[in-house]
Amino acid sequence: MPSGMGGVSVFQEVFGLTRLGETLRAYQARDPAARSRLEIFLLYPGVHALIYHRLAHFLYRHRLFFLARLVSQWSRCWTGIEIHPGAQIGRRLVIDHGMGIVIGETAEVGDDCLIYTASHWGDGKDQGSGHPPWGTMCS
């Protein structure tokens, strides 16, 4: 499926099985209550929010802003976790007990981060620096 992204299909970019597998393993490693990757995939709202975000972010990057926001708002209703389509999310992010978490448009979340309480970063009024960046291996 050509996509103009160096041979990477749209499906692979949005729903890449490698990234999904990494995410499920990260949840399993960081959540002692997680029994299996199947349980995590089917029942954990943080995983669902990240999958929806990948789709919304893809649409956002391709300037389909309305569709991107539609996907992100559906995700918010379904999971209780709000991630703006423009937010930069690293690999293996774990969102545990995510109800009420808001990650804004200018947020940058690094690799291997753990968010385990409701939080909202920044006031959204500043361009580029309204949300502080989260580094790598943070919680």
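Modeller: Start with exposure: a residue is buried under 20% relative accessible area, exposed over 50%, and partly exposed in between. Keep in mind that this is a predicted model.

Colleague: Why is Gln-28 called partly exposed?

Modeller: Gln-28 has a relative accessible area of 30%. Gln-28 sits in helix 2.

Colleague: What makes the pair Gln-28 and Arg-37 a polar contact?

Modeller: The side chains of Gln-28 and Arg-37 are joined at 3.3 Å. The cut-off for a pair of N or O atoms is 3.5 Å, so the pair counts as a polar contact. Apart from residues up to four places away in sequence, Gln-28 touches Ala-34, Arg-35, Ser-36, Arg-37 and Ile-40.

Colleague: How many residues are in the largest nonpolar core, and which have the most contacts inside it?

Modeller: That core has 25 residues, and those with the most contacts inside it are Tyr-27, Val-47, Ile-83, Ile-89, Leu-93, Ile-95 and Ile-103. Two or more residues each come from helix 2 (17–30), helix 4 (45–61), strand 3 (94–95) and strand 6 (114–115). A second, separate core has five residues, among them Ala-56, Phe-58, Leu-59 and Val-71. In soluble globular proteins, nonpolar side chains tend to be buried together.

Colleague: What does Tyr-27 touch?

Modeller: Leaving out residues up to four places away in sequence, Tyr-27 touches Ala-34, Ile-40, Tyr-44, Gly-46, Val-47, Leu-50, Leu-93, Val-94 and Ile-95.

Colleague: What makes Glu-22 and Arg-91 a salt bridge?

Modeller: Their side chains meet at 2.9 Å, N to O. The cut-off is 4 Å from a side-chain nitrogen of Lys or Arg to a carboxyl oxygen of Asp or Glu, so the pair is a salt bridge. The pair links distant parts of the chain, 69 residues apart: Glu-22 is in helix 2, and Arg-91 is in the loop between strand 2 (88–89) and strand 3.

Colleague: What does the pair of Arg-92 and Asp-112 tie together?

Modeller: Arg-92 and Asp-112 form a salt bridge, their closest N and O atoms being 2.5 Å apart. Arg-92 is in the loop between strand 2 and strand 3, and Asp-112 is in the loop between strand 5 (108–109) and strand 6, so the pair ties together parts 20 residues apart in sequence. Arg-92, at 23% relative accessibility, counts as partly exposed, whereas Asp-112, at 17%, is buried. Salt bridges that share partners join Glu-22, Arg-91, Arg-92 and Asp-112 into one network.

Colleague: How many salt bridges does the count come to?

Modeller: The count comes to five. Another one of them joins the side chains of Arg-76 and Glu-82, at 3.3 Å, N to O. Arg-76 is partly exposed, with a relative accessible area of 39%, and Glu-82, at 25%, counts as partly exposed.

Colleague: And what about the chain as a whole?

Modeller: The chain has five helices and six strands. Of its 139 residues, 44% are buried.

Conventions
Residues numbered from 1 in each chain as written. Predicted model: local features only at pLDDT ≥ 70, side-chain atom pairs only at ≥ 80, totals over all residues. Heavy atoms only, no water. Core = buried A, V, L, I, M, F, W, Y, C linked by side-chain atoms within 4.5 Å. Buried < 20%, exposed > 50% of the residue type's maximum accessible area, 1.4 Å probe, protein only. Helix = DSSP H or I, 4+ residues; strand = E, 2+ residues; numbered from the N terminus. Contact = heavy atoms within 4.5 Å. Polar contact = N/O pair within 3.5 Å; in protein donor to acceptor, adjacent residues only side chain to side chain.
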